[in-house]
Amino acid sequence: MKALSFHGRHDMRYGDVPDPAVTSPTDAVVEVTTAGICGSDLHIYTGHPFSPELGYTPGHECVGVVADTGGEVTGFRPGDRVLVPASVGCTRCRTCAAGFTARCERATSSLELCYGVSPQLPGSQAQFLRVPHADINLVRLPEGISDEAAVVLTDNAPTAWYSCRRARIQPGETVLVIGLGPVGLMAAQSAFAMGAARVLGADLVPERRAFAASFGVEPVEGDDPKAAVRELTGGRGPDVVVEAVGSDATIELALKAVRPAGRVSVIGVSHSKAFPFHMGLAQIKELEFHIGLCSIHYELPPLIALAQSGRITPEAVVSHRFPLSEGAAAYALFADRSDGVRKILLDPKG
């Protein structure tokens with residue numbers, strides 16, 4: 001089959017790779033109809049991979065049609081249209097059974113918990129994908145959910161919802177979202193769905209701020225975002241800050257910008273091994289700080305219902321669509337953050 005493969009910094013290649021197959025009776029093989037490029041994939045592309053190995057297929061966001069199943073798969077059959085959650089559960093431990101797949105008790109490595117971050121579990125930027133433990137790691141798609149919405153529901157939307165849920169956003173509160181990529185934009189939608197009265201949005205890219213403003217986000221302008229946030233909130237600061245970048249600078253901004261007794265929820269992927277957390281500041285301000293990895297399975301049910309009702313519109317964050325054969329160009333555009341890029345989808349048939 002055709003797929004993308006990662007061969008080093010800024011080196012993504014399109015070509016032939018071995019076809020996936022059912023290797024366990026609990027497996028399924030999905031024909032991918034639409035795949036996505038995530039910000040986590042961009043970390044890999046720009047030289048911050050999760051594994052030192054090369055040559056594997058990246059990607060953990062896709063929707064497709066079941067092509068084959070093992071003999072012990074009971075919930076799905078060939079022809080079923082499915083969403084593939086980015087996180088992978090074992091089905092057998094207590095945490096996975098409860099939906100918290102990111103905390104799988106049986107996984108011996110974090111590389112087993114997500115597609116496309118190492119050769120252990122080849123990714124979804126391909127024509128076909130092997131899904132282990134298919135009965136828990138596939139979600140049947142209801143009518144009315146488009147491929148565009150479904151791909152965002154595989155990771156970006158649940159990750160955003162998870163971050164907002166952990167921050168316990170309350171009706172009437174003011175929320176600052178730092179980083180207005182797909183996760184940040186979905187965090188803004190989630191905050192509004194949870195009842196936030198105001199959502200402020202900070203991002204270095206003017207086009208992203210302008211797009212967020214089109215659905216009610218108040219853009220944070222100027223060279224001093226902390227001062228701008230203070231001015232927008234009458235000197236008080238937001239009740240909640242959702243950080244969707246993962247850099248030391250943006251996490252520090254979140255801690256400094258939030259009001260006293262406020263809540264900070266970090267969902268941006270961080271590679272920092274020595275973040276200079278200002279304990280004195282957190283103690284004086286009486287802050288709550290949350291950070292973690294989303295268990296997609298747990299967050300999905302309310303999001304599918306919200307998408308069906310129109311309360312959230314995951315497809316709105318999609319800006320570009322490329323044939324899989326032009327995947328290298330798609331990655332380069334995403335890394336450059338030009339042409340108003342927000343979310344890129346890949347068509348495996350092209």
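Colleague: In which sense do E11 and E12 pair, and over how many bridges?

Modeller: Two strands pair if DSSP finds at least two bridges between them. E11 and E12 pair in the parallel sense, over four bridges. One note before we go on: this is a predicted model, where local features need pLDDT of at least 70, side-chain atom pairs count only at pLDDT 80 or more, and totals for chains, interfaces and linings use all residues. Residues are numbered from 1 along each chain as its sequence is written, and side-chain values use heavy atoms, with hydrogens and water left out.

Colleague: In what order do the six strands of the open sheet come?

Modeller: The order is E10-E9-E8-E11-E12-E13, with parallel pairing. At the edges are strand E10 (218–219) and strand E13 (288–291), each of which pairs on one side only.

Colleague: Which residues are bridge partners of Val-242?

Modeller: Val-242 in E11 is the bridge partner of Val-177, and in E12 the partner of Val-242 is Ser-265. E8 and E11 run parallel and are joined by four bridges. Further along, two bridges join strand E9 (residues 198–202) to E10, again in parallel, and Leu-200 stands opposite Glu-218 in E10.

Colleague: Are the residues on the faces of E11 buried or exposed?

Modeller: The cut-offs first: buried means under 20% relative accessible area, exposed over 50%, and partly exposed in between (1.4 Å probe, protein chains only). Both faces of E11 are covered: Val-240 and Val-242 on one side, and Val-241 and Glu-243 on the other, are all buried.

Colleague: Which strands does H5 lie across?

Modeller: H5 lies across strand E11 (240–243), strand E12 (263–266) and E13, running at about 155° to E13. Helix H8 (residues 225–232) also packs on the sheet, where it touches strand E8 (174–178), E9 and E10, and its direction makes about 165° with that of E9. Contact here means heavy atoms within 4.5 Å. Axes are lines fitted to C-alpha atoms, for helices over the stretch in contact, and angles run from 0 to 180 degrees between N-to-C directions.

Colleague: Why are H5 and H6 called oblique to each other?

Modeller: Angles under 35 degrees count as roughly parallel, over 145 as roughly antiparallel, 65 to 115 as roughly perpendicular, and the rest as oblique. The axes of helix H5 (residues 156–166) and helix H6 (residues 182–193) come within 8 Å and cross at roughly 50°, so the two helices are oblique.

Colleague: Which residues meet where H5 packs on H6?

Modeller: Among them are Trp-161 and Cys-164 in H5, and Val-183 and Met-186 in H6. By class, this contact has ten nonpolar, three polar and no charged residues. For the classes, Ala, Val, Leu, Ile, Met, Phe, Trp, Tyr, Cys and Pro count as nonpolar, Asp, Glu, Lys and Arg as charged, and the others, Gly among them, as polar.
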